[in-house]
Structure formats: structure tokens, C-alpha cells
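Subject: Model for your files, with notes

Dear colleague,

Please find the structure below. My notes on it follow.

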Amino acid sequence: MPDITCDVCFHHCLIKDNGVGFCGARGNVDGVNTCLNYGMVTSLAIDPIEKKPLAMFHPGSWIVSIGSFGCNLSCPFCQNHAISMDRQGKRAQYISPEQLCDYVKQRTDSIGIAFTYNEPLISWEYILACAKNLEGSGKKIVLVSNGTCQPHILEKLMPYVDAMNIDLKGDDAFYKELSGDAQTVRNTIAYVYDKCHLEVTTLVIPGKNDTVEFIEETARFLASLDENIVLHLTRYFPQYKYTIPPTDKEHLLHLCDIARKHLKHVKPGNIW
């Protein structure tokens, strides 16, 4: 079978026959770009919507949160690395779209499904199947994403998506450390902001993305789209491969004040 080029994200992986792309979730199966983690659930929980984090989308509500394996970034501070960096899905259990949606429809304490924990857009086919199944039910579709999907995938999904939280992790240089692409993320934010409820999160890491200049640039960019976009500036703690000390609390609050010069809604996170 021929090699294929994956068109789901910016990596455009060239995948050999029976091979797997960078994310660990797209593969070449008989010459077809295949979602290898389709329905393969590694985590399922009922979370408060604020945990996504979404501060201004049905506050006080709860949502079924579901994740699989695989990610198209390699963040050394990943807080869900046991899930997202599991390239073989050892913890996964198959749940069909119909099974998941039946469960969600029966949960009167949940407003819908949040696809989260790993990068959901690498398995966009599963999201789309679930979203179509939930049409007319009143249940919401929420995506918690790193924002590195290609536009043609977003075009398929956005008619069904009610809310997104997208990570904006740093500048171009920092994204290169993460095997990422900053411009792709900015393009995604610019594409979706007027198509669903959008909130943006930056995990503020000392020495990486904690300058006044970067935070002000981020706030200006978001305000150029809509000054009502919610920006979460979240305090970092050592995780996975990073041993950098935690973000200084007072510095984080100062960065929030900087961002508020441009945005109406700036929320500090992990402040305790």
C-alpha cells in the first residue's frame, strides 16, 4: 500500500503502510488515513464546566468529559501526559458514539459532552458522529483543544460546536520547543471566535511565556477579534518533565492586570 500524507494538522505526517503519525492516533490502514483512537476512551468523568475551564458558558453546570489517547504536540509540562502521551492506548476501552450519546442523553445533571484530556481534534470523526447523534437533544458539544487543527476539519465540525477552550501556549519560539506552530493556533482562534463561545487559556510558565510583552501581545490579539473573549491565565506547577518552580502568584495577578487593559474578562487560575 502507498504512503499517505495526513491532512488533519500542521505536521502533515508522511505515514508509511501500517505506520502511525506523530500524534499516535492517525494511521495508514490499507492506504487510508484512519482514526486509530476512534471511540477508544481512556477517561470519562462528570466535571463542573468551570474545570474545562469555561467561566462564562453555562456557569454552575456539569458536563460529561471524555478523552482518548494521542496528541499532536509534545509539551514537557503536560498535565494529562499519562493519557495524551500513551501512544498505544493501553488504558482505552471502546465506546461507540451511540453508547456515549445514549449515556449523555440520560444524564439530566449534564449539559452535554466535553472532548478533553488529550487533543480531541485528531479524532474529529468521532466528535462529528457524536455531535450528529446529539442533534436536537439540547445537549452541548464542547472542545478543549490545543487549536492546531487544519481549517477543512474545523469547517466540518463548527456547525455542531457550542463552546471551545483553546490553549495559546506562547510565542513562535516556545511552540517550536513543543513541536507546535503558533500561527496555526492563532488562525484557529480567529476562525472559531464568532462561530461558538470561545475562551482561551495560557498556562503561565516562568522563563517561557511569563513576560509582560507576551501577555500584552496575546491580549491585544484577542481583543482585535472581540474584547469579550475570556482569557484564563493559569498558574503553572511542576509536572511531567518540567521541574521549573511554580509561577509566582503575585506576578500572575500582575499579568492579569496587564491583560485587562485590553480584555474585559481575564481570569486567574490555580491561585491557592
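A residue is called buried here when its relative accessible area is under 20%, exposed when it is over 50%, and partly exposed in between, with a 1.4 Å probe and only the protein chains counted. Helices (H or I, at least four residues) and strands (E, at least two) are DSSP runs, numbered from the N terminus. The model is a predicted one: local features need pLDDT of at least 70, side-chain atom pairs count only at pLDDT 80 or more, and totals for chains, interfaces and linings use all residues. Residues are numbered from 1 along each chain as its sequence is written, and side-chain values use heavy atoms, with hydrogens and water left out.

Helix 3 and its surroundings

By the cut-offs above, helix 3 is mostly covered, with eight of its 11 residues buried. These are Trp-124, Glu-125, Tyr-126, Ile-127, Leu-128, Cys-130, Ala-131 and Leu-134. After the helix comes Gly-136, which has a positive phi near 85 degrees. Gly-138 sits in the loop that runs between helix 3 and strand 10, and is exposed because its relative accessible area is 53%. In space, C-alpha to C-alpha, Gly-138 is 8.1 Å from Gly-112, while 26 residues separate the two in sequence.

A cavity is a set of points where a 1.4 Å probe fits but cannot get out; a pocket is an open set with protein on both sides within 12 Å along at least five of seven lines; lining residues have an atom within 4 Å of a point. Grid points are joined across faces, edges and corners, and a volume is the space filled by probe spheres set on the points.

The search of the whole structure gives two cavities of 30 Å³ or more. The volume of the largest cavity is about 110 Å³. It is lined by 14 residues, and Gly-67, Ser-68, Phe-115, Ser-123 and Tyr-126 are the closest to its centre. Helix 3 (124-134) supplies at least two residues of this lining, as do strand 5 (40-41) and strand 7 (62-67). Tyr-126 is also among the buried residues of helix 3.

The largest pocket has a volume of about 830 Å³. Its lining holds 31 residues, with Lys-52, Gln-79, Asn-80, Val-144 and Asp-167 nearest the centre. At least two lining residues come from each of strand 10 (140-145), strand 11 (163-167) and strand 12 (197-204).

The loop between strands 6 and 7

Lys-52 has a further feature: its peptide bond to Pro-53 is cis, with omega near -5 degrees. Pro-53 belongs to the loop between strand 6 (43-48) and strand 7. His-58 lies in the loop between strand 6 and strand 7, and has a positive phi of about 50 degrees although it is not a glycine. His-58 counts as partly exposed, because its relative accessibility is 39%.

The hairpin and the surface patch

Strands pair here if DSSP finds at least two bridges between them. Strand 3 (residues 26-29) and strand 4 (residues 32-35) are paired in the antiparallel sense, over four bridges. Arg-26 has Cys-35 of strand 4 as its bridge partner, and Gly-27 is opposite Thr-34. The two strands form a hairpin with two residues between them, and Asp-30 in the turn has a positive phi of about 55 degrees.

Val-29 is part of strand 3 and is partly exposed because its relative accessible area is 35%. With Val-20 and Leu-36, Val-29 forms a nonpolar surface patch of about 210 Å² of accessible area together. Patches are made of residues with over 30% relative accessible area and no salt bridge, like charges being joined within 9 Å and nonpolar side chains (Val, Leu, Ile, Met, Phe, Trp, Tyr) within 5 Å. A salt bridge is a side-chain nitrogen of Lys or Arg within 4 Å of a carboxyl oxygen of Asp or Glu. Accessible areas come from the Shrake-Rupley method with a 1.4 Å probe, and for residues only the protein chains shown count as cover.

Asn-18 lies in the loop between strand 2 (14-15) and strand 3. Its phi is positive, at about 65 degrees, although Asn-18 is not a glycine.

Regards

Terms used
1 Å grid on protein atoms, 1.4 Å probe; cavity = no way out; pocket = protein on both sides within 12 Å on 5 of 7 lines; lining within 4 Å.
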